[in-house]
Amino acid sequence: MRRALLSSLVLGLLGCSAVSKGSALSAVPSREPGMFVSTGGAPAPYVTLGFVQVRGYGVQVAGFADVGHATLDGPIRNALLAEAARMGGNGVIHVEFLDENPSTEIERAQAAANSIQNLASGRGGVEQKDRYVTVTGEVIRFEGAAR
Amino acid sequence: MKRIVTAVLFASAFAGCTMVNSVALPARGTTAEPFVTAGDLAEPHEVIGLVQVTRTGVLLFGNLDVVGTDLEAGFKQALLPAIKEAGGDGAVRVRYQMTQYAPAARVIGAILFFIPLPSSVTITGQVVKLKGAAAAPVQ
Amino acid sequence: MRPLATLMLLLSGCTASTFTRLPAPEASRPFITAEGLPAGTAYDSVGIVQVTRRGVLVFGFADPAGTELDAALADLEMEARKAGADGVVNARVVKQPWTLAERIAGAVLFFAPFPSEVTMTGELVRLRRESAGGVK
């Protein structure tokens with residue numbers, strides 16, 4: 001218990017950063033004919049069809065294996081665009097995203113070490129952490145052939 | 001190693017899910033309803049004020065949203081009436097956030113039915129009134 | 001007892017704010033803005049990125065881990081450089097606020113450091129050559 005508290009304090013003092021990345025969104029002017037996706041506005045006149053919120057859920061196992069849909073790309077590329085298409089849209093603008101609880105490198109290493117230690121000692125199991133990513137966006141349809 | 005692989009496989013079976021909620025609104029100019037956009041407005045307009053609406057409630061049995069705390073209720077039953085009440089034609093720079101539970105949490109909520117899951121939707125924005133030709137009424 | 005109650009009352013109504021100045025535009029460093037690019041600017045999206053810094057506040061005020069906005073801003077700039085982007089647009093900040101009252105409480109309860117976290121998100125962009133000189 002004392003060792004866990006001490007290690008938490010040391011980790012907190014050291015601090016660390018976590019970086020979550022997603023693939024490229026649409027270019028302006030758009031280079032591809034598919035759905036237009038941007039964190040900003042639209043480059044051409046449009047009508048707003050509605051709004052979408054997507055929350056991807058996943059699990060991080062032993063600090064290194066990420067399974068499920070808690071990535072930046074998953075909810076955007078799959079659920080967000082599918083919902084926009086279902087609503088009759090050909091674009092999603094003002095996309096905002098938040099990886100709610102990313103793990104820093106030190107936290108990942110600590111989870112991996114704890115998992116190995118638990119397995120070696122036969123007490124406790126593999127550490128798991130619920131992960132969530134939330135994405136929102138405004139579904140639009142460009143007027144005419146404008147892009 | 002075997003236990004780690006088992007844990008990964010077990011997590012894979014239950015972790016892969018995405019919750020999606022959306023609201024479809026009438027296109028601007030097609031109805032008398034106020035318009036809503038997450039962006040700005042190119043037309044001349046007057047800023048009337050800022051608005052925040054929140055609907056809070058619980059999910060009974062992990063699923064039944066009796067009060068209406070999703071985007072549909074938040075936009076149509078809270079935001080649009082608030083814009084009308086403020087005398088606005090629409091809202092710009094709209095941001096929103098609603099509670100979305102993973103299916104596993106909903107199943108637990110159904111089993112522990114005597115503990116309803118708290119749920120809410122909050123929408124903020126800037127209420128505007130159009131000026132000049134842009135303010136022409138919808139036919 | 002009464003001065004303590006008055007102090008508690010004064011400290012209970014607090015506002016927490018934090019500010020960091022964005023670096024002046026320079027050709028040698030990526031730009032970071034909370035807005036989009038001016039209309040008509042042609043660009044390619046390089047990707048979206050989120051940086052999160054997490055640590056603890058010691059004695060309510062000391063931030064040895066660097067969880068203030070300027071540290072996150074530096075991380076975001078580094079990510080833009082690594083990705084070969086010209087800048088970051090539509091940047092957003094999420095910072096866990098601690099009011100003055102809470103920080104003072106943290107100083108008194110020095111044995112229990114406060115968690116502190118800052119997150120910045122944004123879209124990495126590379127300007128197309130025809131408009132690269134026009135956006136500063």
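## A tour of chains A, B and C

Select strand 3 (residues 46-61) of chain A together with strand 1 of chain B: the two run antiparallel and are joined by eight bridges. Helices (H or I, at least four residues) and strands (E, at least two) are DSSP runs, numbered from the N terminus, and two strands pair if DSSP finds at least two bridges between them. This is a predicted model, in which local features need pLDDT of at least 70 and side-chain atom pairs count only at pLDDT 80 or more, while totals for chains, interfaces and linings use all residues. Residues are numbered from 1 along each chain as its sequence is written, and chains are lettered from A and ligands numbered from 1 in the order in which they are written.

Stay on this pair of strands and pick A:Tyr57; its bridge partner in strand 1 of chain B is B:Cys17.

Now widen the selection to the whole contact between the two chains. Here 35 residues of chain A are in contact with 29 residues of chain B (in contact: C-beta atoms, placed from the backbone, within 7 Å). On the chain B side, two or more residues come from each of helix 1 (2-15), strand 1 (17-24), helix 2 (71-85) and strand 5 (90-98). Strand 1 of chain B gives the largest share, eight residues. Colour this side of chain B by residue class to find 19 nonpolar, eight polar and two charged residues. Ala, Val, Leu, Ile, Met, Phe, Trp, Tyr, Cys and Pro count as nonpolar, Asp, Glu, Lys and Arg as charged, and the others, Gly among them, as polar.

Next, show chain B alone. Its open sheet has five strands in the order 2-5-6-3-4, with mixed pairing. Strand 2 (35-36) and strand 4 (64-65) of chain B are the edge strands, each pairing on one side only. Inspect strand 3 (residues 45-60) and strand 6 (residues 117-130) of chain B, an antiparallel pair with 14 bridges. B:Leu50 has B:Gln126 of strand 6 as its bridge partner.

Move to chain A and select helix 3 (residues 105-121), which has 17 residues. From first C-alpha to last it reaches 24 Å, close to the 24 Å expected at 1.5 Å a residue (1.5 Å times one less than the number of residues). Just after this helix, A:Gly122 takes a positive phi of about 80°.

Finish on chain C, with four helices and four strands in the pattern α-β-β-α-β-α-β-α along the sequence.
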